[in-house]
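Have the model open as you read.

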Amino acid sequence: QGAVPADSTAPDASSNVTLALFGVVPVKTVRAVTTARRTVQLCGTPFGVKLFSDGALVVAFSDRYTALGSENPAKAAGLRLGDLIISANGQPVRSNEDLTSAIQAAGGAPLTVLYRRGESQCTAVLTPTRDENGCYKAGIWVRDSSAGIGTLTFADTEHGTFAGLGHAVSDSDTGTDLTLLTGEAVSVTITGCRRGSAGSPGELRGEFGGQQPFGDIKANTSTGVYGVLTNSAQAGENIPVANLQEVYPGEAEIVATISGQTAQRFAVRIERVNMTASDPNRNLLLRITDPELLRATGGIVQGMSGSPIVQDGRLVGAVTHVLVNDPTRGYGIFAATMLNRADAVQGR
């Protein structure tokens with residue numbers, strides 16, 4: 001499933017071990033390498049994600065009604081919600097303003113629009129219409145940036161990286177993962193919480209701090225948000241990262257912040273460990289058992305994505321999802337998967 005044991009690659013003591021069939025016949029000699037366990041700084045603190053996408057995301061359509069009926073140039077051209085417009089008439093589109101400028105510059109003539117839909121890159125010919133004020137319109141609303149709140153999972157100060165969320169930041173209107181151009185990670189203060197109940201996920205509310213960002217986001221991926229620390233003064237104890245095989249169903253804790261900026265530990269139970277889940281965000285199934293957390297939030301709420309899961313003094317994973325019909329339960333991702341991905345942003 002793509003995850004690898006998060007052992008250090010540093011050379012350590014090695015020895016030859018002979019494997020014997022039923023303890024009698026030597027069949028194979030292999031070299032066993034003892035590797036040092038990786039440690040990271042445990043976080044569980046809230047952070048704000050500011051992303052600027054590599055294009056303009058189509059988030060809504062705006063039809064015009066004329067004597068001839070309803071018209072919408074973007075729909076007529078075949079554009080859909082969630083499409084990411086990356087150029088118009090050969091000019092890069094990286095903001096709302098870029099797209100507006102290209103439409104006005106065309107003066108009513110058809111524009112060739114290059115856009116991304118899922119993994120495919122497509123073209124469309126869009127012919128804007130003129131409104132009563134003489135401005136040309138394409139009939140779409142687009143978004144070029146996004147901001148949200150999540151939880152920082154760990155900081156790897158030795159390698160200057162950080163990881164959080166455990167899943168991608170997606171656009172709230174279309175569900176489309178934002179294609180990252182640039183991004184910042186900033187500190188957040190949790191100011192309140194809307195409790196979760198069956199059928200209605202809760203939510204942490206917070207305020208972005210006015211201070212400098214503590215990191216540059218380098219990757220917005222299906223396994224989380226990753227970046228490079230620009231301010232390494234992250235609070236948190238050092239903790240070893242568990243190998244996948246060390247995680248088991250049983251008692252554990254999550255580290256989360258439900259008020260202010262101070263992380264707390266809350267009791268949970270890992271109900272299932274799935275080493276081969278097709279979705280890495282769902283390798284762990286957990287249940288909140290801590291009475292204090294259940295009273296405060298009703299269970300897992302939005303904003304807790306990325307909360308570290310600790311078992312036997314090791315970082316084993318991070319919270320990724322809540323079950324809509326049972327907010328006391330949710331899914332998690334292996335910490336080893338996140339560490340492996342964090343290593344890939346070094347030096348980018």
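The largest cavity has a volume of about 30 Å³. On a 1 Å grid over the protein atoms alone, a cavity is a set of points where a 1.4 Å probe fits but cannot get out, while a pocket is an open set with protein on both sides within 12 Å along at least five of seven lines; a residue counts as lining if it has an atom within 4 Å of a point. Points are joined across faces, edges and corners, and the volume is the space filled by probe spheres set on them. A search of the whole structure turns up one cavity of 30 Å³ or more.

Before going on, a word on where this comes from: this is a predicted model, in which local features need pLDDT of at least 70 and side-chain atom pairs count only at pLDDT 80 or more, while totals for chains, interfaces and linings use all residues. Residues are numbered from 1 along each chain as its sequence is written, and side-chain values use heavy atoms, with hydrogens and water left out.

Back to the cavity. Its lining is made up of Ile85, Leu99, Ile103, Leu111, Val113, Leu126, Ala138 and Ile140. Helix 2 (96-106) and strand 9 (111-117) are the elements that give two or more residues to that lining; helices (H or I, at least four residues) and strands (E, at least two) are DSSP runs, numbered from the N terminus. By class, the lining has eight nonpolar, no polar and no charged residues, where Ala, Val, Leu, Ile, Met, Phe, Trp, Tyr, Cys and Pro count as nonpolar, Asp, Glu, Lys and Arg as charged, and the others, Gly among them, as polar.

The largest pocket holds about 840 Å³ of space. It is lined by 32 residues, and Ile149, His167, Ser170, Gln302 and Ser305 are the closest to its centre. Strand 13 (140-156), strand 16 (203-208) and strand 24 (314-323) each give two or more residues to this lining, and strand 13 gives the most, with seven.

Of its 15 lining residues, Lys137, Ala138, Gly139, Ile140 and Trp141 are the closest to the centre. Ala138 and Ile140 also line the largest cavity. Helix 2 gives the most to the lining of this second pocket, with five residues, and its residues divide into eight nonpolar, five polar and two charged.

In soluble globular proteins, nonpolar side chains tend to be buried together. The largest nonpolar core has 26 residues, and Val247, Ile254, Leu293, Met304 and Ile309 have the most contacts inside it. Such a core is a set of buried Ala, Val, Leu, Ile, Met, Phe, Trp, Tyr and Cys residues joined through side-chain atoms within 4.5 Å. Leaving aside neighbours within four places in sequence, Leu293 is in contact (heavy atoms within 4.5 Å) with Ile254, Ile258, Phe266, Ile288, Gly298, Gly299 and Met304.

Thr328, in strand 25, touches residues including Ile288, Gly298 and Gly299. Its side chain also makes a 2.6 Å polar contact with the side chain of Asp326. A polar contact is a pair of N or O atoms within 3.5 Å; within protein, one must be able to donate a hydrogen and the other to accept it, and residues adjacent in sequence count only if both atoms are side-chain atoms.

Last stop: helix 4 (residues 335-343), whose buried residues are Ala335, Ala336, Thr337, Met338, Leu339 and Ala342. Their cover includes strand 3 (39-42), strand 13, strand 14 (161-164), strand 18 (224-229), strand 24 and strand 25 (326-334).

Methods:
Buried means under 20% relative accessible area, exposed over 50%, partly exposed in between (1.4 Å probe, protein chains only).
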